[in-house]
Amino acid sequence: MIVITAPTGNIGSHLLSRLLRSAPAEEGLRVVVRDPARLPDEVREHLEVITGSHGDPEVVDRAFEGADAVFWLVPPDSSLTPEAAYSGFTRPAAQALAAHGVGHVVGVSALGRGTPVADRAGLVTASLAMDDLIASTGVAHRALACPSFFENLLEEADSIRENGVFTDLVDADRAAPMVAVADIAAAAEALLLDRTWTGAGSVPVLGPRDLSPADLARIMTEQLGQPVRYERQSYDDLYSALVGHGLDQAFVQGIVDMKRAKDDGLDAGVPRTDESSSPTTFEQWCVQVLKPAVLT
């Protein structure tokens, strides 16, 4: 039995689709979802559905009973502090993992462990602490150590369409790993179906090559057929904008600290290898995902 949390999110929906195709017939699939209506009609009959939040002790107690493996993804809650949003949300699950003797957990986390800025990286620091909490239960654990997602740019589709502009806080020429969520789902699928691994560790998923904001602007210009440029936002402007939208001040500070740490090399601590590089290029992603979002 494999339990999938956040099955309707960006990564979880890709993972669920993959496992429905690839999991052996004897491998049960169970999902934890707040709103089962968001699951596609054609997949519901192939799943066991637990309704509720996977931050709820009663929900995870039901969900982890008889489970062999769990895919763990925390949907960050911007109304909470970073510690509450990650470790606080995960504590009931950690207790349920131990109580039910779950063997393996694959979680979505971040790059940065072992770097000089890991302890002052805001949301990433909170995510790494969550990984430690899960590992402390004794379960075999693999944290998918991810950089920024290509999909983050979808939040700027309107700005790209209307103004030809996207923003971030890092230097225009700072190249860093970036990854498509589909590649993260593929890495999770492989680990969930194998389960011969033991102990705790991380699995970097770095995308095919490092990219700077200037690279992204050039590639988007080519693939979208319209000029796209990068504007660097200030930390103060981002903080003020997010607090103005009602986000918790500590959570917003966690975002700003994460962005600052990325500009200080947070994502550069893992050497790129064939194993850590994933296949989806930014060019492919622009054609398949960004272009329909911007031009339709």
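This section describes the overall dimensions, surface and nonpolar cores of a predicted model.

The chain contains 11 helices and 11 strands. Its C-alpha trace extends over about 55 × 40 × 40 Å along the principal axes. The radius of gyration is 19 Å, which agrees with the value near 19 Å that a compact globule of 296 residues would have. Of the contacts between residues at least 6 apart in sequence, 77% connect residues at least 24 apart.

Buried residues account for 49% of the 296 residues. With regard to charge, 23 side chains are positive and 42 are negative, and a distance of 2 Å separates the centres of the two sets.

The largest nonpolar core comprises 42 residues, among which Val3, Phe64, Val70 and Trp72 touch the most other members. Two or more residues of this core are supplied by each of the helices H3 (57–64), H4 (82–100), H5 (123–135), H9 (235–244) and H10 (249–263), and likewise by strands E4 (69–72) and E5 (104–110). When residues up to four places away in sequence are set aside, Val3 is in contact with Arg30, Val32, Ala63, Phe64, Ala67, Ala69, Val70 and Phe71.

Key. Residues are numbered from 1 along each chain as its sequence is written. This is a predicted model: local features need pLDDT of at least 70, side-chain atom pairs count only at pLDDT 80 or more; totals for chains, interfaces and linings use all residues. Side-chain values use heavy atoms; hydrogens and water are left out. Helices (H or I, at least four residues) and strands (E, at least two) are DSSP runs, numbered from the N terminus. The radius of gyration is taken over C-alpha atoms; the globule rule is 2.2 Å times the number of residues to the power 0.38. Buried means under 20% relative accessible area, exposed over 50%, partly exposed in between (1.4 Å probe, protein chains only). Contact means heavy atoms within 4.5 Å. Lys and Arg count as positive and Asp and Glu as negative; His and the chain ends are not counted. The place of a charge is taken as NZ of Lys, CZ of Arg, CG of Asp or CD of Glu. A nonpolar core is a set of buried Ala, Val, Leu, Ile, Met, Phe, Trp, Tyr and Cys residues joined through side-chain atoms within 4.5 Å.
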